[in-house]
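Hello,

Here is the structure I said I would pass on. My notes on it follow below.

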Amino acid sequence: MEVKARAPGKIILAGEHAVVHGSTAVAAAIDLYTYVTLRLPLQSAAENNDRLTLQLKDLSLEFSWSVSRLKEVIPCDSSTSSPASCSGETLKSIAVLVEEQNIPEEKIWLSSGISTFLWLYTSIRGFSPATVIITTELPYGSGLGSSAAFCVALTSALIASSILDKTHHEGWSSLDETNLELLNKWAFEGEKIIHGKPSGIDNTVSAYGNMIKFCSGEITRLQSNMPLRMLITNTKVGRNTKALVSGVSERTVRHPDAMKSVFNAVDSISKELAAIIQSKDQNSVTEKEESIKELMEINQGLLQSMGVSHSSIDTVIRTTLKHKLTSKLTGAGGGGCVLTLLPTGTVVDKVVEELESSGFQCFTASIGGNGAEICF
Ligand SMILES: Nc1ncnc2c1ncn2[C@@H]1O[C@H](COP(=O)(O)OP(=O)(O)OP(=O)(O)O)[C@@H](O)[C@H]1O
Ligand SMILES: C[C@@](O)(CCO)CC(=O)[O-]
Ligand SMILES: [Mg+2]
C-alpha cells in the first residue's frame, strides 16, 4: 500500500519569536511543499522485510534500521494513540539509533530531523516495516518552516495510512477536521524535538493552510481582503531555529521588563496587521500597503533588539530600501529568508538583479494556499 502526503512551508508576516512568549503573530502558507510517500509492504512480504527505511531523495541519502533493532532500543511505551511529548530518555535512545547511521559531517544538522522521524513513526505506527520517501521544495533551515512542513507531511501520511476509507480521489484531498487536529498535535510534538520550545505557529499554518493569526495556541483563520505580494530573499546564511529561540529566552531572563515591552509592541503590530489585511473598508490599497510597510519596519527593529537579525539581513534591507521597498526577516532570523513587501505595480527586476548579484536567491511564492493534503 502507498500513501502520499504533502504540507506547505510558511512565511511569518509579523510576530516571530515574540509568539513564543505569548504575543500574537500572523503567518501564511506558501505554495512550496514537503512531500512524503509512505510505502507499506503487503502482509505476506512484511515477514521477509523487517526494515524501516528513510530516503531523503533531494540529498541522495538513505537511512535504514531493522525493526528488531528499533524495538530493542526505543522504549516500548513510546507507542501511544494520543499525542504525547517525547521524553528525554526516549530521545537519548533514539539519538543512539541516529548516530549508528553515520550521517555525513556536513549534513549533521539533519540529526534532529531523523530523530523526529523515528519518534513520530514509531509512536504513530508502532514497530512495523516501511519505506518512507521524502522530498522538499523548501530550503532547509531558512525560516520558511521546513521543519514544520516535514513534521506535518510525515504525520499526515502516518495518520492517513490508518484511515480505513481509502476511497480513491483524483489528486490531493484535505483531511477532515478531527484528523487535522490530531496530526497538528503530533506535528507540534515533533517540532519540539527540532525547535526545543516552539510556539506551534509553524505546524499550525502548515496543517491548516491559508493565513492565520496565532496567540498562545489560539488560531484565528484570516480572510485577506487585499492583494499581498512578497518577494522572498534567501540570504543562504545557515542558522538553526532552536539556538535562536533559546537566545531570545536567555535575553528575556536577563532583561525581563525590557523584553516584555518588546513583546507587547510586537503583539500590537500583529493585531494591527491582521486588522488591515482583513479590513473591508474602501481605503485605497495604497494606504493599506503604506501601513503594512511601516509595521514591517517597526517589527524588524524589534527583531533586531531581540538579537535575531544578521548582517546578511541588513544587506537585503539596505538593498531593497534603495528601491524604496521595505523588508523584514521571516521565521527565526539569524540569516535565512527576508520578506520584501511588493506594493501593487512594483516591478521587481532591478531589485532582484541587485540582490542576486550579491549572492542571494530571490523568489516569489503564492501566499495563503492549501494546508496538509493526502493522496492514496
Ligand atoms: N525534509 C526534511 N527532511 C529531514 N529533516 C528535515 C527536513 N526539513 C527540515 N528538517 C529538519 O529541520 C531542521 C531545520 O529546522 P529549523 O526549524 O531550524 O528551520 P526551518 O524550519 O526551515 O525555519 P523556521 O523554523 O525559522 O521556519 C533541519 O536541520 C532538519 O533537522
Ligand atoms: C522563531 C519562531 O517564532 C518562528 C519560527 O518560524 C519560533 C516559533 O514560533 O516556534
Ligand atoms: Mg522550523
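Helix α5 is the largest contributor to the shell around ligand 1, giving 4 residues. Please keep in mind that this is a predicted model.

The shell around ligand 1 counts 25 residues, and Gly 113, Ser 146, Ser 147, Thr 241 and Gly 331 are the nearest of them. Two or more residues come from each of α4, β5 (130-136), α5 (146-160) and α6 (177-195). By class, the shell around ligand 1 holds 14 polar residues, 10 nonpolar and 1 charged. Both domains take part: at least three residues of this shell come from domain 1 (2-221 + 369-375), and at least three from domain 2 (224-364).

Ligand 2 has 15 residues around it, with Glu 16, Pro 198, Ser 199, Gly 331 and Ala 332 coming nearest. The elements that supply two or more residues here are α7 (201-208) and α8 (241-254). This shell is made up of 7 nonpolar, 6 polar and 2 charged residues.

In soluble globular proteins, nonpolar side chains tend to be buried together. The largest nonpolar core in this model has 107 residues, and the ones with the most contacts inside it are Ile 11, Ala 27, Val 152, Ala 153 and Leu 183. Helix α5 accounts for the largest share of this core, 11 residues. At least three core residues come from each of domain 1 (2-221 + 369-375) and domain 2 (224-364).

Neighbours within four places in sequence aside, Ile 11 is in contact with Ala 27, Ala 28, Ile 30, Leu 144, Met 230, Ile 232, Thr 330, Leu 339 and Ile 367.

Last, helix α4. It runs over residues 111-125, and its 15 residues span 21 Å from first C-alpha to last, close to the 21 Å expected at 1.5 Å a residue. Is α4 mostly covered or mostly exposed? Mostly covered: 14 of the 15 residues are buried. Gly 126 follows α4 and has a positive phi, near 75°. As noted above, α4 is also one of the elements that give two or more residues to the shell around ligand 1.

Regards

Key. Residues numbered from 1 in each chain as written. Chains lettered and ligands numbered in written order. Predicted model: local features only at pLDDT ≥ 70, side-chain atom pairs only at ≥ 80, totals over all residues. Expected span 1.5 Å × (residues − 1). Buried ≥ 20, exposed ≤ 12 C-beta atoms within 10 Å, placed from the backbone. Near = placed C-beta within 6 Å. Nonpolar A, V, L, I, M, F, W, Y, C, P; charged D, E, K, R; others polar. Domains from an automatic or database assignment. Core = buried A, V, L, I, M, F, W, Y, C linked by C-beta atoms within 7 Å. Contact = placed C-beta atoms within 7 Å.
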